[in-house]
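Please read them with the sequence and the coordinates open beside you.

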Amino acid sequence: FLPQVDSANAGRVLASDAAVFLKKSGLTDLVLGKIWDLADTDGKGILNKQEFFVALRLVACAQNGLDVSLSSLNLPVPPPRFTDTSSPLLLSGTASSDLPWAVKLEDKVKYDAIFDSLNPVNGLLSGDKVKPVLLNSKLPVDILGRVWELSDIDHDGMLDRDEFAVAMFLVYCALEKEPVPMSLPAALVPPSKRKPLSVPGAMPLIPSSTKESHQSLPPVGILAAKTPLTQ
């Protein structure tokens, strides 16, 4: 990766060059800013070769749902993925389409039943219809915002049947105290959405200013009797 951002071959990477390159990871600006702060140890806005490798390693951690912290650097993770066709480590369309979907068939049947109970229009659920179900999980609003961001893969503000299954999968993972990833792992991208792979954006579902109490929501009660799902 280094030659792509170190065109002068000076053994260092400027913040401006790195920003353009790191954006191809599909991570949000907030996460990328945190990665840069950790990698740029002296705060000079320039990364040497070692610091750049730290940044790449942190990108890989974030893409695989690990915390963006120096303590994650020694954990085993696949190489980082970037939407640059010249990158030899890019997850190719054929490789990703061969991955089995992380949502198991028996769980998908349950999620489809919930989806149909919410009265989808033209096979789609609006954010307003999904929001009570998400809030009913009692998960923190910032986690639910990330769940929506990751599951609305085509960023149309609506969830189809497969996207809704991704949202439910992530909610159950969070209820089992598993971290919600910063970007959607390839195995979680529904097969119907894998060509091309979508890059996650930064569109929160539930504004922080929303002051709705759980009591005012319709009693969906779907997630109350949660059953642990095997990964």
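**Notes on the predicted model**

1. I begin with Ala55, which is found in helix α4. The model is a predicted one, and in it Ala55 has a relative accessibility of 1% and therefore counts as buried, the cut-off for that class being under 20%. Leaving out residues up to four places away in sequence, Ala55 touches Ile35, Ala39 and Leu47. Ile35 stands 20 residues from Ala55 in sequence, yet the two C-alpha atoms are 6.0 Å apart in space.

2. Two of those partners, Ile35 and Ala39, belong to the α3 side of the contact between α3 and α4. The axes of helix α3, residues 29-39, and helix α4, residues 49-63, come within 9 Å and cross at roughly 145 degrees, and the crossing in which α3 passes α4 is right-handed. From α3 the contact takes Val31, Ile35, Leu38 and Ala39, while α4 brings Glu51, Val54, Ala55, Leu58, Val59 and Ala62. By class, the residues of this contact comprise 9 nonpolar and 1 charged, with no polar residue. As background to the spacing of such positions, an α-helix has 3.6 residues a turn, so residues three or four places apart point the same way.

3. The annotation deserves a careful word. An unreviewed UniProt entry lists residues 27-62 and 139-174 under "domain: EF-hand". In the model, the span of residues 27-62 is 69% helix and 8% strand, and its end C-alpha atoms lie 8 Å apart. For residues 139-174 the end C-alpha atoms lie 8 Å apart, and the span is 69% helix and 6% strand.

4. Setting aside neighbours within four places in sequence, Leu159 is in contact with Phe115, Gly123, Leu124, Leu125, Val130, Trp148, Ser151, Asp152, Phe164 and Ala167. Pro120 lies 39 residues from Leu159 in sequence, and their C-alpha atoms are 9.2 Å apart in space.

5. Asn119, placed in the loop between α6 (105-117) and β3, has a phi near 55 degrees, a positive value in a residue other than glycine; its relative accessible area is 54%, and Asn119 is exposed. Lys138, in the loop between α7 and α8, likewise is not a glycine and has a positive phi of about 65 degrees. With 52% relative accessibility, Lys138 counts as exposed.

6. Along the chain Ala19 and Asp29 are 10 residues apart, and their C-alpha atoms are separated by 9.3 Å.

7. Finally, the overall description. The secondary structure of the protein consists of 9 helices and 4 strands, and from the N terminus on the elements follow the order α-β-α-α-β-α-α-α-β-α-α-β-α. Of its 231 residues, 44% count as buried, and the protein exposes about 11900 Å², of which carbon and sulfur atoms supply 59%. Among contacts with a separation of 6 or more, 65% come from residues 24 or more positions apart.

Methods
Residues numbered from 1 in each chain as written. Predicted model: local features only at pLDDT ≥ 70, side-chain atom pairs only at ≥ 80, totals over all residues. Heavy atoms only, no water. Helix = DSSP H or I, 4+ residues; strand = E, 2+ residues; numbered from the N terminus. Buried < 20%, exposed > 50% of the residue type's maximum accessible area, 1.4 Å probe, protein only. Contact = heavy atoms within 4.5 Å. Areas by Shrake-Rupley, 256 points an atom, 1.4 Å probe, with all protein chains shown as cover. Axes fitted to C-alpha atoms, helices over the stretch in contact; angles between N-to-C directions. Left-handed = near helix turned anticlockwise from the far one by under 90°. Nonpolar A, V, L, I, M, F, W, Y, C, P; charged D, E, K, R; others polar. UniProt positions renumbered as here; feature names shortened; annotations may be inferred.
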